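Colleague: Please put the model up. I would like to go through some of its charged side chains.

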Amino acid sequence: MLFAIAFRNTWRNRARSIIIMMSVAIGLFSGIAVMALYNGLLRSRVRTVIEAETGHIQLHAANFKKDYDPALFLHNGINVLQQVRSLPDVKTAAPRSITHGMLSTPTGSSGVQVNGVDPETEYRVSKLNRKIIEGQGFSAAKTNEIVVGKKLAGKMKLKPGAKVVLTFTDTTGNIVAGAFRVAAIYQSNNAPLDEKNVYVTMNGLNYLLGIGNQFHEITLLLQKDDNVKQIQNTLQQKLPGYQVESWKEISPETELMVNTIDEYSFIILVIIMLALAFGIVNTMFMAILERTREIGMMIALGMNRVRLFTLILLETLILTLAGAPIGLLIAWALTAYYNKTGLNLSILGKDMLSSFGYSTIVYPEFPWHRLAAVFILVMGTALLSCLLPAAKALRLQPVAALQR
Amino acid sequence: MNNTVIDAHNISRVYNPETIPVYAINNVHLHLEKGEFTALVGPSGSGKTTLLNLIGGLDKPDSGHIIIGGTDITSLRANELINFRLHNIGFVFQSFNLIPVLTARENVEFIMLLQKVKRKERDKRVIQLFKQIGLEDKMNNRPVQLSGGQQQRVAVARALASKPQFVLADEPTANLDSAAAFNLLDIMAKLNKEENTTFIFSTHDQRVIERAKRVITLVDGKITADTAAVPLTNHKLIVT
C-alpha cells in the first residue's frame, strides 16, 4: 500500500514529476555519454600509442635510451629478432635504427629523431603507409628517401620531392650528413610526434651510422593486449642483457590516463547527480508542503515515523528511478550507434585533437563496467534528496499539521 | 466488569505559558464508558477540539493524566503514542481527510494494513463496513468521485476499521448539508446501537446534539454542564 500511495502521489503533479524525471534522464544520459566518450577517447589513444607509436613492447640495448648513442645497438639483433618473431603470441616485430640529429633545408633546420626502418615490416607494425597523406612512400630502388610528418613539413615548408639534409653523429662520434629526398608526408593522430619523427630506410641510415646490418630497437605487436606483461617477462628472462619495456612504461602518461580517466568521468557524473539532487529536493519539499495536512492526518491515524520516511523515500526513488532507465536507454542507443559509425569530432579541429594524440573519429563505449556504480549513484542521489524533505515531514506535529 | 473507556483527571492545556497564559483546557475531569454517544458542545474557542486532541493522543496536556483502557497515554513517548492511536482510537475529521490517491476501499484498508491485519480478514471487514455505511457500490471510487457526505461516511468506516476503543469526531457534520448530516448521524447512531461503538464528537450542530445520549458543555476550557441530551426531535431518515 505504501508503494501504491507513493506511486500515485508521484503523479499528482504530473508536469512537475515529468520535468524531474526528464532532468534525471538527461543528467544520467549526459554523465554516461561523457563516460562513453572518455572510454572511446582512451581506447583510441591507447590504440594510437600501441599501433602507431610504441607497439606493445620494445627492446633496446641497456642504456641506449639514456643518450641514444648509435653505438649501443642490439647485439645479435638479427638473432634476437628471429627469437622474438618465433614467440606464438607475437603478431609481428620490426627492427629500427634510431638516432637523433638535425634536419636542414635551405630555409631552416629542426631537431628530429631519425628512424631507419625496413619499409615492409614497418608498415605492418606502425602502419606508416596508411598515414601517408602526400607522396607515395618508400620505393624499393632508392635508399635516400625520407618520410616526414605533416607538422614538420609545414614548419620546414617541405613537399614530396623536396631535398633535406640530415646531420648526426656516427658510432665513432664523427658528424656525418646525408642528403635525402622527401618521398612522402604522413599524418598520425599525434602531431607532436609527427613533428619529431622522420623515417628513412634502415640501409641508408645504417650506412651513415656505420653499424652494418645492426639496429637499435625491435618493436613488437602482440596478438592480444592482455598478454603484454606475460610476454615482457618471458622476453626479459630470455634476454637478460636487454631493456624490455611495455607501452605502459614507454608512454607512462597514457598509462596514467588509463588508470584515472574512469575516475574523472565518474566524478563528472557525481557532479551532475548532485546538481540534480537539488531539483529533486525542491520537488519533494513542495510535495511535502502541499500535503502537510494529509501527512498530519496519516500520523494522527497511526502511521509511524519509519513508515512515513519509507513513503517519502519511495516517492523520491520513483521520481529518480523513473527517469534513470530513459537516460540509460538513450545513452546506450546513442553509444551503440556511434560505436559502430564513429563520432566525428573534426568539428573541434583535427589539429587540436591530434596535438593531444587523439584521433578525430571516436568510437564511444558504453561503460558497462560502471553500471552498478551508476545505479548505486542514482539510488544515493534519491536517498540524499529525500533526507531533508523527510526530516521536515517527520517533524510535523499532527495537531499543527491538521490545522493547515 | 470495567466499562471505562476514557478517564481523564485534572487535565489542563495552556498556550503561551510564559507570556500571557491561555487555558484552552482548565482542570477538566472526564469519564466515558463503553457505548456512549457523547457530544462535546460549546461556543467557538471553548476548548472542544483541544479536549478531543488531548483524549485522542494528538496533543499532550500540560498537567493531569488521561487513561484510556487502563493505559496512561500522557506517559507514552511519541512513537508509542502513534502505535496506541493506531490500535485504540478512531478519528473522523471535519474536512473528511481521506487520502486522495487511494480509493474508498483502500482508505479503509489503509488502517488495517498499518495494523498488519491479514488480507482475508481485511477483505471481510471492509465489505462489512461498506455495507454498514451503505456505500458498497462506491468502494472503488476515489474521494474526489464521492460527495462530501459519502466521503465522511467512508471516514467513519476508516475510523471503525481498526476496531478502536472509541471514535473521536471533530465537527463531523460541519461541512455537510442537512440530508448528508442526518444520514451520517443515522449511521453513527446505528453503529453505536448495534456494535456498542463509543462515539465522542464535538459539534455546534443542533441536529447532532439532539442525537447524542450525553452532552458535555465546555466554556472557556471548563466543563460547565454534563447532561443527557435533549430528547430527539422527529426527523425523517434520508438516504443519499
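Colleague: Is A:Arg43 buried, exposed or partly exposed?

Modeller: This is a predicted model, where local features need pLDDT of at least 70 and side-chain atom pairs pLDDT 80 or more, while totals for chains, interfaces and linings use all residues. Residues are numbered from 1 along each chain as its sequence is written, chains are lettered from A and ligands numbered from 1 in the order in which they are written, and side-chain values use heavy atoms, without hydrogens and water. Buried means under 20% relative accessible area, exposed over 50%, and partly exposed in between (1.4 Å probe, protein chains only). A:Arg43 has 47% relative accessibility, so the residue counts as partly exposed.

Colleague: With which side chain does A:Arg43 meet in a salt bridge?

Modeller: A salt bridge is a side-chain nitrogen of Lys or Arg within 4 Å of a carboxyl oxygen of Asp or Glu. Here the N to O distance is 2.7 Å, and the partner of A:Arg43 is A:Glu365.

Colleague: How many salt bridges are there between chain B and chain A?

Modeller: A:Arg8 pairs with B:Glu106, with the closest N and O atoms 2.6 Å apart. Between chain B and chain A the count is one.

Colleague: How many residues of chain A are in contact with chain B?

Modeller: Contact means heavy atoms within 4.5 Å. Chain B contributes 27 residues, and the number in chain A is 20.
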